[in-house]
Amino acid sequence: MSIIKPAPAAARGNDVAGAPRTGTGGKSRGPARNHLGIHIFLIVMAAMWLVPLGWTVFTSLRPKADTDKYGYFSLGGSFNFDNFVEAWTRGGFAQYAWNSVLITVPSVILILFFASMMAFAVSRVSWKFNVTLLIMFTAGNLLPPQVLAAPLFQMFKQFELPYSVSDSGNLLNTYISVIAVDTAFQIGFVTFVLSNYMKALSPELTEAALVDGAGIWRQYWEIILPLCRPALAAMGTLEVIFIYNDFFWPLLFIQSGDRLPLTTAVNNLQGQFLSDYNLIAAGAMITAIPALIIYLLLQRHFVAGLTLGSSKG
Amino acid sequence: MSTSSDTTTAGVRGAKQAPAGRVRRLSGRDKWVLGFMVGVPTLIQLVLVWIPTLLSAALSFTRWNGLSLTDIKSAGVANYQFIVNDYPPFWPAVQHNVLWLVFLALIATPLGLLLAILLDQNIRGTKVYQSIFFTPVMLSLALIGVIWQLFYNRDSGLLNFLLGTGGTPQAVDWFGDSSVNIWAALVAATWRHAGYVMILYLAGLKGVDPTLREAAQIDGANAVQTFFRVIFPAMRPVNVIIIVITVIESLRAFDIVYVINRGTNGLELISALVIQNLVGEGQVIGVGSALAVILLVISLVPITFYLSRAFGKDKEA
């Protein structure tokens with residue numbers, strides 16, 4: 001977690017003012033104790049954690065014919081990826097995966113862009129309503145999404161578009177509606193985290209630039225933003241997962257099944273494959289894989305993002 | 001758009017109470033740039049978050065089928081009266097939301113804390129354990145619903161097999177049987193929530209000044225006393241976040257029950273009732289909005305608590 005040094009130190013400074021304490025992990029925790037009991041407990045818990053996922057993987061790798069023949073609770077028969085291939089083609093997962101990309105990538109870029117601008121304006125410039133606005137942004141992210149559902153749905157329905165742009169004649173059933181609401185909903189959280197991070201950067205950084213006659217935009221774009229790279233990486237990773245995992249907004253706004261992203265399409269798995277649990281399991285695993293890959297590759301950033309968001313309170 | 005950025009630029013006062021003298025004077029151009037930087041995100045936030053919230057409140061006092069704007073009729077508090085008195089799923093939903101909160105607060109969150117404490121000792125394989133407990137946090141709650149459905153299934157699920165009831169008439173349909181399905185869903189939700197709490201507390205524990213621990217031990221405190229009297233209070237910022245996350249998650253709970261059965265038959269939640277009234281045949285926008293407002297009012301409690309903790313100090317300064 002060394003990539004997030006400035007902000008946690010500063011944020012914790014609120015509470016117990018003092019020297020930076022990053023990386024003071026457990027040393028000298030009393031005499032070496034017998035950890036056997038702890039290990040037994042942890043192994044049992046870990047098994048409980050792995051069993052549902054393991055069962056899904058197990059089921060997904062077995063052909064339906066073999067499970068029918070030997071039963072679900074058996075080791076007989078072969079193991080292969082046929083269910084994945086069949087679920088992918090029959091379920092139209094290529095389209096869902098592409099829809100997920102079309103929604104996630106623009107949303108995350110817009111979130112980082114708008115939130116970093118807003119965070120700069122409220123943390124590096126003193127003006128009348130900066131704290132008020134930051135509070136409003138932070139609160140917005142904490143609302144349950146269902147609170148906004150009816151008015152947003154109706155607003156998008158009333159927003160008329162030419163049929164050449166949208167086949168529904170309005171904003172419903174478009175990616176734009178999902179991207180817009182995802183962006184609006186997540187800006188608050190990212191603004192809050194980035195503003196804490198930017199506050200922790202020395203004021204001299206921009207003062208020197210000011211003396212050189214650099215305008216606001218150059219201070220933001222050329223000085224502060226490059227220094228925020230670790231926080232931006234952490235927030236970017238976190239938001240990719242958040243938006244990819246978002247189930248609700250596409251469910252509300254998108255009516256055509258073939259425009260749903262992977263996470264929302266999960267809702268239709270059981271209808272699509274009826275009681276072919278092997279195919280359902282394969283479909284579920286396909287949906288889990290992008291998140292798990294990001295986790296494996298960018299675990300540090302993801303965890304940093306979560307803890308960055310919670311280090312102040 | 002122009003009105004919004006005008007007002008925000010008007011709010012920008014050069015050195016107004018700038019303690020460190022960060023920006024002394026803003027040129028006219030800088031004011032416009034700043035107006036843009038503040039105005040655009042604020043406008044997005046207002047139009048897509050706060051105005052809809054207010055509209056929800058307004059719609060809750062109307063009767064509307066969602067078709068034409070001219071059909072909107074004032075209804076006073078009739079929707080609220082209907083929900084409280086004549087809407088059968090409402091009180092079960094309230095009970096389930098409360099149960100969700102109690103379960104997360106008494107079981108899932110303490111379990112996450114316990115895992116964090118154990119993994120914070122220098123035990124072997126701590127990274128492996130952390131990865132295992134953290135994996136479900138990466139998955140969407142909708143997907144978690146499907147994964148647990150495969151585990152809980154009556155005929156093909158692993159659980160019935162492990163209990164020895166698989167294939168027999170005693171086999172339980174864990175997500176389908178309305179007397180147990182809320183508990184089954186809560187176990188699935190715990191699977192994710194505990195890992196989330198664990199990772200936040202692990203970071204919190206690393207941030208506690210080790211000299212505090214040493215001092216307590218020199219004073220003769222045992223491990224349990226040290227934790228509850230010294231370490232736990234020192235993690236106050238993390239504790240606040242965990243409380244807020246636990247409460248908000250229990251109000252937001254939706255995806256998992258919606259995937260199972262759309263939030264019916266033993267799995268009613270306020271959030272799911274909102275959606276049931278907004279979509280499908282016979283839209284009752286007024287009732288759905290009134291339910292949304294009830295959800296909103298309850299949510300304001302943890303939100304206000306969090307904001308007062310997060311911003312209280314800023315305001316005093």
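Student: In this predicted model, how do you know where the axes of helix H4 (residues 90-120) of chain B and helix H8 (residues 181-206) of chain B run relative to each other?

Tutor: Their axes come within 7 Å and cross at roughly 40 degrees.

Student: Why are H4(B) and H8(B) called oblique to each other?

Tutor: Set the angle against the cut-offs. Roughly parallel needs an angle under 35 degrees, and roughly perpendicular needs 65 to 115. The crossing angle is roughly 40 degrees. H4(B) and H8(B) are therefore oblique.

Student: Which hand does the crossing of H4(B) and H8(B) have?

Tutor: H4(B) passes H8(B) in a right-handed crossing. The residues of this contact divide into 20 nonpolar, six polar and one charged.

Student: What confidence does the predictor give to chain B?

Tutor: Chain B has a mean pLDDT of 83, and 89% of its residues reach 70 or more. Within chain B, H4(B) has the highest confidence, at 93. Helix H1 (residues 2-11) of chain B has the lowest, at a mean of 38.

Student: Over which residues of chain B does pLDDT stay under 50?

Tutor: Over residues 1-23 of chain B. The model has 45 contacts beyond four places in sequence for that stretch.

Student: What makes up the contact between chain A and chain B?

Tutor: Chain B gives 95 residues and chain A gives 98 residues. On the side of chain B, helix H2 (residues 28-59) supplies the largest share, 19 residues. By class, that side has 60 nonpolar, 20 polar and 15 charged residues.

Student: What ipTM and pTM does the predictor give the complex?

Tutor: An ipTM of 0.84 and a pTM of 0.84.

Terms used:
Residues are numbered from 1 along each chain as its sequence is written. Chains are lettered from A and ligands numbered from 1 in the order in which they are written. This is a predicted model: local features need pLDDT of at least 70, side-chain atom pairs count only at pLDDT 80 or more; totals for chains, interfaces and linings use all residues. Two residues are in contact if their C-beta atoms, placed from the backbone, lie within 7 Å. Helices (H or I, at least four residues) and strands (E, at least two) are DSSP runs, numbered from the N terminus. Ala, Val, Leu, Ile, Met, Phe, Trp, Tyr, Cys and Pro count as nonpolar, Asp, Glu, Lys and Arg as charged, and the others, Gly among them, as polar. Axes are lines fitted to C-alpha atoms, for helices over the stretch in contact, and angles run from 0 to 180 degrees between N-to-C directions. Angles under 35 degrees count as roughly parallel, over 145 as roughly antiparallel, 65 to 115 as roughly perpendicular and the rest as oblique. A crossing is left-handed if the near helix is turned anticlockwise from the far one by less than a right angle, and right-handed if clockwise. pLDDT is the predictor's confidence in each residue, from 0 to 100.
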